[in-house]
Every structure is written in C-alpha cells, then in structure tokens.
Amino acid sequence: QEIVMFMMMCKGNHLNPWNKEAYCIKYGTQPATMVVGKEAYMKRANAHPQYDGMDDGIVVLVKETGEMIYRKGAITVEGEQLIGGWAEVYRKDRSRSTRVEVPFSEYAGRKKDGSLNGQWSSKPATMIRKVAQVQALREAYPDTLGGLYTADEQGVDEPTDMIFEQPAENTEVKPKSISLPVEDSESLF
C-alpha cells in the first residue's frame, strides 16, 4: 500500500524516482516517509521562465564575540557555532525576492537517543543550507513545489544509493508481481 501511494505521489507530481527525484524511505515498522530530492526542486526552478537565480548560505555565531554572521556557502571555521541556514530566490516577475532563514535546532535530524543522525552529524552546514534552499524555492514557486518536502526537512537521511539485497547463494529467486491501478508503467513518470 505504501509503495502504491509513493508511485501515485510520483505520478501526480511528475517525479521520477529512478533519477533520484523522489524517495520512499522506511525504517523498521514505522510508516514509510515519502520525500523529494533537492535536485527535483532545482530542476523545476531552473526550468521556470521567471527564475532569476538564488543566493544561499549558513548562519554562524562567533563564540568569542557573540557576533552573528550570514555567510554564502557552507563553510564553518573553528570558534563558530552553526545556528542556521538562509536562502534568497529571485524571480524576474517580482520586485522583491523570497528570503527564508531556518534554525539548525528545528531541522537537524536526530536519532532516538537525541544525537545527530548520519548526514546531519557528518555535514551539518550542507544539510541546513539545503533545508533553506528548498524552503525558499517552495515559497517562491508554490504552484509547482507546494506540498513537496525533502528528507532533510523531515529529519531522515536521504538514501545515497539504491540498496538491493542479494539472495543467498544457491537460492532460487521467485519473482513476485503486484497489480497497480495504472494502465502502464511508462505513464507513471
């Protein structure tokens, strides 16, 4: 049922999971999380005739002075605390940009024990910057990106590769089939 819902979400939003535009992520017995890859946001923004670029970066607090700095990109240095991300989207048909600032504390993906999950612990600046980017794009283009959320915003790790389990050696693999409420698989994407 979750796979069918995921496929219908992809079809309804013209997302191709084989091109890493969308993911269906499942941990244990929890309901599956259906998320959109950042690349899908970027592709749609770049294809929009009114798109006029984006600036983005991180917000850091200099521990020694208490100064808050808005920096382009995702580089932090010793003595700084990462506190958020920001992004500003420009459209040719609007006199004002769409700017978003997001706090690290609200979006950092965490494990059950409260520690940061895999991607958030290894590249926190990149992750919070991505959250700001997709939120700014969604606000700037609500008709094409509204209602779509990334793994970063939902606190889960985005898969880095498709994972397929190999059957044990000398094990006969029997294909399973399912019946989907679509006429042909090509129309899904």
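Residues are numbered from 1 along each chain as its sequence is written, and side-chain values use heavy atoms, with hydrogens and water left out. Because the model is predicted, local features need pLDDT of at least 70 and side-chain atom pairs count only at pLDDT 80 or more, while totals for chains, interfaces and linings use all residues.

The account begins with the sheet. Helices (H or I, at least four residues) and strands (E, at least two) are DSSP runs, numbered from the N terminus. Four strands form an open sheet in the order 4-3-5-6, with antiparallel pairing; two strands pair if DSSP finds at least two bridges between them. Strand 4 and strand 6 are the edge strands, each pairing on one side only. On average, and with direction ignored, neighbouring strands of this sheet are turned by 25 degrees against each other. Strand 3 and strand 4 are joined in the antiparallel sense over 5 bridges, and Ile 58 has Arg 71 in strand 4 as its bridge partner.

Helix 5 lies across strand 3, strand 5 and strand 6 and runs at about 30 degrees to strand 5. Here contact means heavy atoms within 4.5 Å; axes are lines fitted to C-alpha atoms, for helices over the stretch in contact, and angles run from 0 to 180 degrees between N-to-C directions. Helix 5 comprises residues 124-140, and its 17 residues reach 25 Å from the first C-alpha to the last, close to the 24 Å expected (1.5 Å times one less than the number of residues). Of these 17 residues, 13 are buried, so helix 5 is largely enclosed by the rest of the structure. Buried means under 20% relative accessible area, exposed over 50%, and partly exposed in between, with a 1.4 Å probe and protein chains only.

With a salt bridge defined as a side-chain nitrogen of Lys or Arg within 4 Å of a carboxyl oxygen of Asp or Glu, the count comes to 7. One of them joins Asp 56 and Arg 129, with the closest N and O atoms 2.5 Å apart; this pair links strand 3 to helix 5 across 73 residues. Asp 56 is buried at a relative accessible area of 10%, whereas Arg 129, at 25%, is partly exposed. Lys 72 lies in strand 4 and Asp 55 in strand 3, so the pair ties together parts 17 residues apart in sequence. Lys 72 counts as exposed at 57% relative accessibility, and Asp 55 as partly exposed at 24%. Arg 99 and Glu 88 form another salt bridge, at 3.2 Å, N to O, between strand 6 and strand 5. Salt bridges that share partners join Glu 88, Arg 99 and Glu 101 into one network.

Aromatic rings form 2 pairs in the whole structure. Rings of Phe, Tyr and Trp (its six-membered ring) pair if their centres lie within 6.5 Å; planes under 30 degrees apart count as stacked, over 60 as edge-to-face and the rest as tilted. Tyr 51 and Tyr 141 have ring centres 6.4 Å apart and planes at 50 degrees, so this pair is tilted. Tyr 51 belongs to strand 3, and Tyr 141 to the loop between helix 5 and helix 6, 90 residues away; both residues are buried. Phe 104 and Trp 120 form an edge-to-face pair, 5.6 Å centre to centre with 65 degrees between the planes. This pair links helix 3 to helix 4, and both its residues are buried.
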